[in-house]
Structures are given as C-alpha cells and as structure tokens.
Amino acid sequence: MISKSRILFALFVVPVVLSACHTTTAPGNKTAAITDESSYHIGYDDSTLYSKSLPYVMPYNRIINPAGTTVYFGDTKYENHSLDCKLIPGRDALVVEDRYGIAIINTKTKDVIARWSYYDEKRFTGLASTYSGIQVVQRYGKTNILWSAASGSKSYVMMVNWDGEHIFFKKQIAFAPEGNSPLALPNELKVIEEGDTDYLYVVLNGNNQFVKLSLADEKVKWKTPTGVAPYGLAIANGKAFISNWGGAIPTDATKGETSGVPYGKAYSDQKTGATAQGTVSVINTSTGAFITEIPVGLHPNAIVASPDSKFVYVANANSDNVYVIDAVKLVTVDSISVKLDISEKSFIGDSPGALSLSPKGTMLYVANGLDNAIAVIKLGANVATNGKDQTVIKGFIPTEAYPGGIAIDLNNIYVTNLEGEGARVNSNRMTDGAKSTPKVDAFNSHHMEATVSIIPLPQGLNNDMFNYTERVKKANLLFRTQLSRQLPRSNVAPRPVPERIGEPSVFKHVIYIIKENRTYDQVLGDMPEGNGKKELCIYGDEVTPNQHQLARDFVLMDNYYASGKSSAEGHQWTDAAMVTDYVERNVRSWFRSYPHVQNDALVYSKQGFIWNNALDHGKTVRIYGETATPKFDKNLTWTKIYQQWKDGKPLEFTNSTTISRVRPILAPGYPGYDTHVINDQVRADAFIKELKEYEAKPGDQWPQLMVLALPADHTGGLKPGLPTPRAMVADNDLALGRIVEAVSHSRFYNSTVIFVTEDDSQDGWDHVSAYRTIGNVISPYSRLQRKVPTNYNQTCVVRTIEQILGIPPMNVIDATALPMFSCFNNKPDYFAYKYIENKIALDEMNRVLSSLKGAELYYAKQSMLPAYDHIDGGNDDLLNRMLWLVAKPKTPYPAKLAGNDKDDDD
C-alpha cells in the first residue's frame with residue numbers, strides 16, 4: 001500500500017523587502033548610489049536558507065515560493081528527481097517519470113497512489129530514467145505506460161500496466177549502441193496506432209538515430225540518422241519533428257569550428273566552446289526518409305505539435321526562446337522570447353525546457369528552468385490556427401526548483417520539478433535499514449525528495465496572473481539585474497569591490513582557486529569561531545592547518561554555499577555561474593558525460609565561462625589546470641611522481657583541452673586533473689615558478705585573472721598505492737598555504753585578491769546544509785580576522801570577480817548575485833602569510849589488501865574499481881562512508897542508509 005504523500009500548500013505571497021535607499025530606473029538613467037550590501041537586501045534573513053517551511057532560498061540567488069500544492073515522494077536514501085509527466089485519460093491520475101521509475105498521483109486527492117521502481121525489480125537495479133518522454137497507451141480497457149531508461153551500455157524502453165491500483169511490469173525493449181556510441185540512450189517516444197498495429201517511435205540520443213518498430217513483436221521497420229544528440233519528438237502530418245540538442249552533424253569543416261561532444265563532434269562557438277547550432281530534423285514516418293533539417297535556437301529540447309498539426313513549437317534552452325515551425329511549409333515563422341526580464345539588455349539564463357498546449361492550441365505553457373516558473377503565452381494569429389492578434393506573454397507562475405515537465409487539464413497545471421526543494425533531507429529522515437540512530441542531524445547533497453507542483457489554472461480576469469508574475473520576479477531577485485547595469489561614475493576612488501561595474505578597483509589581479517568536494521563541517525567544523533559541528537569534522541586543524549589559519553588571519557565564512565550537488569554541476573557554477581538544461585537533465589545519471597572537466601560542448605552555456613568573459617573585455621587570463629586533463633606515462637604511480645618531486649625532477653606531461661580558446665592561455669607546466677596520482681605540490685611548484693618568472697619581467701605583466709584547479713582534497717578513497725584520505729587532504733592544504741605565501745610575499749600582493757572555493761560539497765556531511773562548503777577571501781583588504789556571516793555562494797564569487805575586473809555578468813544568475821562587499825574593508829594590511837608545514841605525512845599510504853579485514857577490506861576493494869581511478873568517479877555515498885570510517889572508526893556513520901551501499905558497517 002502506498003503511503004499518503006506530504007502535501008504543502010503555498011498559496012501565500014511572501015513580501016520581499018528592499019532597502020529604503022534603493023531605487024531602480026532604466027539603464028543609463030540616474031539611480032541611487034549603492035552604498036553597501038543593503039541595496040541588495042531581499043528581506044529574508046539567513047535562517048530562511050534552510051528553514052523547514054517555505055519560502056526556501058536556493059544557493060544560487062533564487063527563492064522557492066511555489067503556487068498551488070506540492071506533492072512529495074521518493075525514498076529518502078536516494079537523490080530523487082521528477083522528470084516528465086502525462087495525464088492518464090479517463091482517470092483522475094497523473095503518471096510521473098522520475099529518476100528511479102514512475103509514480104502515479106491522484107489529481108483530486110493529490111496522493112501518490114502507485115509506485116514502480118527499478119529497485120523493486122532486482123533485475124533492473126542500476127537503471128535510471130532518461131531525460132524525458134513518458135507515454136500512456138490505452139487499448140481494450142487497459143492502461144499501459146512506456147518510458148525510456150538506460151545504464152552503462154544498456155538501453156531500454158520500459159513498459160508497465162496499471163490496473164487502477166497496482167503497477168505490473170510487462171516488458172522491456174532493448175536498443176543496442178551503434179557507431180561510436182557506447183549507449184543507444186532512448187529518450188522521447190510516441191506510440192501511434194497505424195491500421196491494426198501499434199508502432200513505437202523512439203529517439204536514440206546516443207546513437208543519433210530515430211527508430212520505428214512494431215510494439216507487439218519489436219521488429220524494427222526502419223532507422224534514420226538525426227542531428228547531434230536528438231532529444232524531443234513531435235509528429236504531425238505524417239512527419240516526425242526531432243529536436244537536436246547539438247544541431248547538425250558536422251560534415252564540412254569550413255562551415256565552422258567543431259568541438260568534441262560524447263560520441264562525436266558538433267559545431268561550436270570559437271569564443272566559448274559551446275555548441276553553435278540547434279536544429280530540427282524532419283523525417284517521413286511511413287518510409288523513414290529524411291526530408292529536411294530546420295535551424296532553430298540553441299539547445300532545442302522539448303517539442304510539441306499543435307492540435308491541428310499545422311504548427312510545431314520547440315523550446316531552446318540556450319537561447320531563451322520558443323521557435324515556431326510551420327508544419328506544412330517546414331519553415332520557421334516566429335521566435336517567441338520567454339524571458340522574465342524584458343529589458344533591452346537582458347541576460348541569458350531563463351532556460352526553457354518543457355512545453356504544453358491548451359486543448360484549442362491558443363495558449364502555450366513553457367517551463368523556464370532557471371526562473372523556477374511557467375511562462376504563460378497567448379499565441380497570436382501567425383503561430384496558431386485559432387490565435388488572435390499578436391503573441392503575448394500573459395505572465396509567469398511560480399514553481400519549485402527547475403520545472404522540467406508539464407501537463408495541463410481544464411483545471412490545473414501539473415509540473416515536475418527537477419530540483420524540487422534541493423537536498424534538504426537530513427540523516428534523521430533517512431528510511432530503512434537503521435541499526436542505530438545517528439547522534440548528529442546532518443545533510444548530504446545526494447538525499448532529496450522528488451516534487452510535483454499542482455497549480456490551479458488562472459481563470460478569467462482575476463489578479464492571479466499579475467500576482468504570480470510579481471511573485472516570480474521577486475523570487476528571482478530581478479531588481480538586482482538593474483544594479484548590475486548601472487553605469488560607472490567618473491572620479492570615483494578605487495575600492496576593493498567597486499559599487500558599480502566599470503568603476504576602479506584597488507586590485508589588478510584576481511586568483512581563483514577551485515578545490516574538490518568538501519563541506520564546511522568536514523574541514524572547519526572544529527573552529528569555535530564559526531557555526532560548526534565538531535562531531536562532523538574529519539579533516540580538522542591537524543590535517544588542514546593552513547585552511548584554518550587563513551580563516552583566522554583573513555575572513556571565516558561559515559555561511560558560504562556551493563550552488564550545485566556534484567562536481568559535474570559544480571564546475572559549471574564555479575566557471576560559468578550557471579548550469580544549462582543539458583546538465584540539469586542528466587541529474588546524477590550522467591549518461592553522456594560527467595563534465596567536471598570542461599570537455600563536452602553540450603554542457604556549456606551560450607555565454608561560456610569567466611575566462612572568455614574576461615578575454616572578451618580585454619583582460620589577460622591564465623588558466624592553471626582547470627578545463628585540462630594531463631597526458632603522461634601511465635606507468636607512473638603516485639609514489640613515483642612524489643619521489644620525483646622530492647628529488648626536484650620535473651614531471652613530463654602535456655595538458656589537453658577541447659576548448660580552442662583555452663589552449664593559448666593554459667599554463668603548460670601546471671598539470672590538469674582527473675587523476676589521483678599527481679600530488680598538489682607539483683601544482684603549487686608550477687604556479688610559484690611562473691609567479692617568479694613574472695616578477696622578473698619589467699613592469700606588471702602578471703595576468704589579471706588566474707584560474708587554478710587544486711583537486712587533491714577529493715582523495716582516492718582507500719585504494720592501495722595512494723595516500724590515505726587525510727594525507728591527500730593535507731597535501732592539498734599545504735599546496736594552498738604555499739601558494740598564498742608566495743603571492744603574499746610577491747611584489748604583486750598589494751594589488752591582488754585570492755578567492756578559494758570547493759567546487760561542490762558532495763563528499764561529506766554538514767549540520768546546516770548539504771550545500772555549505774569552504775570559501776576563502778585573501779587580500780590586504782580582507783585581513784578582517786573575524787567571521788563574515790553573510791549568505792554567499794559560488795555565483796557571488798564569480799560576480800565579485802567580474803565587479804573587480806570591470807566586466808559585465810555573463811547571465812541572469814551572476815547578474816543577481818550579491819557581490820562580496822562584507823569580505824573587504826578600505827584600509828589595507830600588507831600582512832605576509834607564512835604557510836604552516838603539514839602535520840600529516842604526505843606519503844602516509846593506504847594499507848595493502850593483505851593487511852585489511854572487514855569494512856576496510858571491502859572499501860579498499862571498491863576503491864580499486866576502474867570508476868575510482870578518476871577524480872569524481874565511483875559512488876559518492878560509498879566514498880563518504882570510506883572517508884568516515886578511517887577518520888572516525890568508532891563513530892556511527894551519520895545516516896541510516898546511504899545510497900545503494902548495502903554493507904553492514906554502521
């Protein structure tokens with residue numbers, strides 16, 4: 001029997017209070033001066049960030065304050081996401097495709113009344129639902145449900161039957177990888193009755209194919225090539241319209257630069273490395289013949305046909321618009337902007353990714369992922385058969401985080417929320433398998449519930465749409481975009497963080513250091529000066545003396561947050577200050593790539609990264625390791641490389657990057673990452689060597705922006721041949737201390753600021769938030785020697801760097817971020833830092849298998865699996881348990897059950 005879901009009503013509007021000194025006008029007009037952070041005030045104190053009632057503040061400048069009713073479901077020991085949904089005709093029921101199967105919700109009672117999970121059918125353990133696409137087929141009084149799933153090299157269309165009470169598995173239809181693809185990866189699908197036969201049409205995202213087969217006997221009628229990474233499917237007038245995430249398959253190098261995407265190439269933007277095309281393939285459904293390819297916007301995903309099959313609408317997440325195609329003439333007839341901000345100089349970042357039409361085809365509902373809202377569009381005469389006048393946006397309706405699927409009936413809008421309310425499940429809410437109750441209530445980024453919003457359709461001429469729209473604007477902090485556009489004033493004295501972009505800063509150089517995967521409590525939880533939980537601290541002052549001393553000597557930020565839940569998200573937040581629909585759709589399954597290293601053109605936003613933003617505005621840039629993977633002799637072990645370093649012998653390697661614009665600015669002597677065997681002292685040496693070379697040059701030729709990857713604190717678990725986890729963290733800490741010392745003793749220090757962040761917080765626990773992590777601000781103007789309790793996140797770091805360099809924000813997320821004014825004062829203190837020697841031997845090695853038993857032996861064997869050879873490889877929950885076990889062998893792990901790990905050691 002299915003337990004009744006929690007239902008949360010959020011029909012209230014929470015006012016956003018702005019500072020009295022703040023006014024906004026059109027860009028270029030006079031506005032009130034920004035005197036401090038009060039101009040960015042949003043009326044929520046920090047306790048709201050992880051409170052237990054709405055509204056929530058997400059760690060990327062967005063407030064979750066949804067309309068309607070929120071339905072929750074999913075086993076709390078997993079990271080749950082709802083992906084897509086369909087109404088079941090003739091029933092008061094909505095079927096939801098989620099990461100681990102399907103759920104059926106009664107649309108009247110708003111209860112979850114049935115659930116089917118891959119984990120319930122043991123033969124399917126490990127499968128995960130793909131990006132979108134769920135279909136309901138009703139024949140002879142039976143309700144069958146189909147959707148797509150994949151794992152490893154396996155790809156299926158799943159089929160179950162629902163009898164109104166229970167769900168029964170019927171069959172799985174397998175699809176094999178072809179060509180360069182290791183995974184067929186089915187996505188959007190349709191079942192159409194043609195004569196007396198049901199045909200399944202399915203898009204194969206990995207194979208770049210479109211397939212038609214008989215549903216009954218699974219015989220393939222035809223296969224046809226598509227563009228790069230086909231995603232969505234609409235059928236009209238005997239034609240299939242397929243959206244291609246990566247555009248046309250490159251056939252002519254003279255047509256533009258190409259970059260790598262998983263399983264092939266795509267046309268790319270030479271400035272950013274992002275995909276430069278989006279297309280819709282048109283294919284004859286009878287013969288499979290290719291008809292044409294229609295250019296549309298960037299990252300086309302969801303696609304739907306009008307009820308009369310005369311128009312096709314396609315959402316373009318990287319262009320923030322919906323293209324309209326004449327389904328008869330096969331040409332585009334309009335492009336509808338879905339931007340929340342209609343200013344002339346609006347920023348990219350609304351990210352439309354799901355579509356639904358009203359029964360008459362006159363209203364279009366668009367899920368804007370990063371707006372956390374549904375755009376409601378009245379279609380005009382040129383884009384809808386029954387449309388009248390011009391196309392207009394009627395308004396926006398607030399949802400939970402990252403709406404990803406939509407269905408509508410005469411009464412409600414049903415929305416699946418990819419991010420829901422974020423990772424807010426704590427250890428004391430875990431279910432199943434508890435041997436002991438944890439002594440500490442803690443959070444980890446891989447535990448969250450799936451949510452579905454059920455929102456009454458705004459009716460008639462009431463004020464719902466106006467109120468909803470105002471609520472969305474406030475929740476998206478839209479007023480802050482005006483602050484980011486204010487023109488610089490003349491004769492303004494330099495300050496650490498200028499009040500307006502383009503006004504002078506005391507800093508000429510910014511160093512941006514990106515580390516790997518730690519939480520605040522895990523490292524700084526033992527500092528009595530901050531809001532820490534010592535019970536969760538496993539890499540305290542003994543292991544990380546420099547991180548602790550830097551927090552004491554400069555600023556201690558104990559209210560600083562990662563914006564994503566994993567490194568694949570994290571390096572997009574740190575480098576680009578946003579994630580694209582491609583990243584959000586992958587949510588933990590990472591079918592095509594795990595983009596913690598920037599090597600997949602499909603991942604990047606239209607505006608690219610902080611380094612191309614700086615280059616575009618005439619700044620000098622140097623990248624140390626970020627975006628790069630090192631190629632070197634694979635026979636070199638950690639021990640051999642460490643001994644070479646001790647002997648003063650250089651490591652021979654070459655860095656590789658897939659982004660052409662990065663190559664000239666990539667430091668050749670600084671190894672990239674994605675491997676555990678290179679210690680961070682090699683990286684520190686390489687950076688310090690270049691620093692000294694720049695010091696020897698005349699004038700000031702040191703780059704204005706430097707981005708450093710410093711990844712060893714990720715650790716390699718208990719793998720024999722690698723140092724212990726605490727030794728790898730100590731290596732990382734020492735490297736950071738040495739870099740800061742070198743900079744603070746250099747002739748450039750007076751005009752330099754260093755920002756340090758973890759890329760995410762996935763490998764650990766924290767008592768405040770799953771997203772809370774470690775951040776440092778180090779400069780002569782940051783020697784505050786106190787705690788800074790202001791709520792900052794990774795996008796605030798990016799925005800502050802932009803503010804200092806005098807370059808504009810890249811997207812709507814960093815445009816609404818809070819510059820880190822509180823981490824600076826106007827009086828410099830040229831204190832020179834002296835690094836603290838490591839207290840843990842850097843070559844303290846993991847034990848060999850023959851000396852281990854029990855849980856340590858099990859974890860060591862797991863660490864030897866190929867998945868753990870790379871940084872961010874393997875099961876994160878399992879790695880968390882490894883780290884906890886060797887750090888606190890006598891203390892129960894702070895969760896009742898973690899992920900899929902079923903061993904009995906807690």
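How many aromatic pairs does the count come to?

1. **What you are looking at.** This is a predicted model, in which local features need pLDDT of at least 70 and side-chain atom pairs count only at pLDDT 80 or more, while totals for chains, interfaces and linings use all residues. Residues are numbered from 1 along each chain as its sequence is written, and side-chain values use heavy atoms, with hydrogens and water left out.

2. **Aromatic pairs.** The count comes to 32 aromatic pairs. Rings of Phe, Tyr and Trp (its six-membered ring) pair if their centres lie within 6.5 Å; planes under 30 degrees apart are stacked, over 60 edge-to-face, and the rest tilted. One of these pairs is Tyr100 with Tyr119, a tilted one with 5.6 Å from centre to centre and 55° between the planes. Tyr100 sits in the loop between strand 6 (93-98) and strand 7 (101-106), and Tyr119 in the loop between strand 8 (112-117) and strand 9 (128-139), so the pair links parts of the chain 19 residues apart. Helices (H or I, at least four residues) and strands (E, at least two) are DSSP runs, numbered from the N terminus. Tyr100 is buried at 11% relative accessibility, and Tyr119 is buried at 14%. Here buried means under 20% relative accessible area, exposed over 50%, and partly exposed in between (1.4 Å probe, protein chains only).

3. Tyr624 and Phe687 form an edge-to-face pair, because their ring centres are 5.1 Å apart and their planes stand at 70°. Tyr624 belongs to strand 37 (residues 621-624) and Phe687 to helix 9 (residues 680-696), so this pair ties together parts 63 residues apart in sequence. Both Tyr624 and Phe687 are buried. Elsewhere, ring pairs join Trp116, Tyr118, Phe124, Trp147 and Phe169 into a cluster.

4. **Lysines over rings.** Lys634 lies over the face of Phe632, at 4.5 Å from the ring centre, and Lys697 lies over the face of Tyr694, at 4.5 Å from the ring centre. A charge sits over a ring if NZ of Lys or CZ of Arg is within 6 Å of the ring centre and within 35 degrees of the ring normal.

5. **A polar contact at Asp876.** Look for Asp876 in helix 14 (residues 876-887). Asp876 is buried, with a relative accessible area of 6%. Its side chain makes a polar contact with the side chain of His446 (3.1 Å). Such a contact is a pair of N or O atoms within 3.5 Å; within protein, one must be able to donate a hydrogen and the other to accept it, and residues adjacent in sequence count only if both atoms are side-chain atoms.

6. **A covered helix.** In helix 4 (residues 545-553), seven of the nine residues are buried, among them Pro545, His548 and Leu550. What covers the buried residues includes helix 3 (520-524) and helix 10 (725-744).

7. **Two backbone details.** Most residues other than glycine have a negative phi. Asn61 has a positive phi near 70°; Asn61 is in the loop between strand 2 (56-58) and strand 3 (62-64) and is buried at 7%. Asp389 also has a positive phi, about 55°, but Asp389 is exposed, at 63% relative accessibility.

Notes: Contact = heavy atoms within 4.5 Å.
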